[in-house]
Amino acid sequence: NMWIPLGIGVAGFLSGMSLVNYPANYLLVHPVVLMLRPAVAMSAAPNQVISMVAIAETLIFLLGGLWMAKNLRYE
């Protein structure tokens, strides 16, 4: 059923849009907030916290995907 992932994506996007203006850094674990925080910033200066969280998430998902591709078999 395609409506379940679509609904989860829409809910994630809408919740991220409502949380993007809060200054708390712990909200950066939400992927939509992480993606949109630089877009709504009033300055063009890069934020180091956002960069570090984005790099950490990328490495976590890359290493998790590589581990699952090597060790898990669903055939």
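Predicted model: local features only at pLDDT ≥ 70, side-chain atom pairs only at ≥ 80, totals over all residues.
**View A: Val29 sits in the loop between helix 1 and helix 2.** Helices are DSSP runs (H or I, at least four residues), as are strands (E, at least two), and both are numbered from the N terminus. Residues are numbered from 1 along each chain as its sequence is written, and side-chain values use heavy atoms, with hydrogens and water left out. Val29 counts as exposed, because its relative accessibility is 64%; the cut-offs are under 20% relative accessible area for buried, over 50% for exposed, and partly exposed in between (1.4 Å probe, protein chains only). Look across to Leu59: it is 30 residues from Val29 in sequence, and their C-alpha atoms are 14 Å apart in space.

**View B: Phe13 belongs to helix 1, which covers residues 3-19.** Phe13 counts as partly exposed, because its relative accessible area is 41%. Phe13 also belongs to a nonpolar surface patch, together with Met2, Trp3, Leu6, Val10, Leu14 and Met17. Together these residues have about 740 Å² of accessible area (Shrake-Rupley method, 1.4 Å probe; for residues, only the protein chains shown count as cover). Patches take residues with over 30% relative accessible area and no salt bridge, joining like charges within 9 Å and nonpolar side chains (Val, Leu, Ile, Met, Phe, Trp, Tyr) within 5 Å. A salt bridge is a side-chain nitrogen of Lys or Arg within 4 Å of a carboxyl oxygen of Asp or Glu.

**View C: helix 2 has buried residues, and Ala39 lies in this helix too.** Val32, Val33, Leu34, Leu36 and Arg37 are the buried ones. What do they pack against? Helix 1 and helix 3. Ala39, meanwhile, is exposed, because its relative accessible area is 59%. Met17 is 22 residues from Ala39 in sequence, with 11 Å between the two in space, C-alpha to C-alpha.

**View D: Arg73 comes in the segment after helix 3.** Is Arg73 buried or exposed? It is exposed, because its relative accessible area is 61%. Now find Ala11, which is 62 residues away along the chain. The C-alpha atoms of Arg73 and Ala11 are separated by 31 Å.

**View E: zooming back out, the chain has three helices and zero strands.** Along the sequence, that reads α-α-α. The C-alpha trace spans about 50 × 30 × 20 Å along its principal axes. The radius of gyration is 16 Å, while a compact globule of 75 residues would be near 11 Å (taken over C-alpha atoms; the globule rule is 2.2 Å times the number of residues to the power 0.38). Of the 75 residues, 16% are buried. Take the contacts (heavy atoms within 4.5 Å) between residues at least 6 apart in sequence: 11% of them join residues at least 24 apart.
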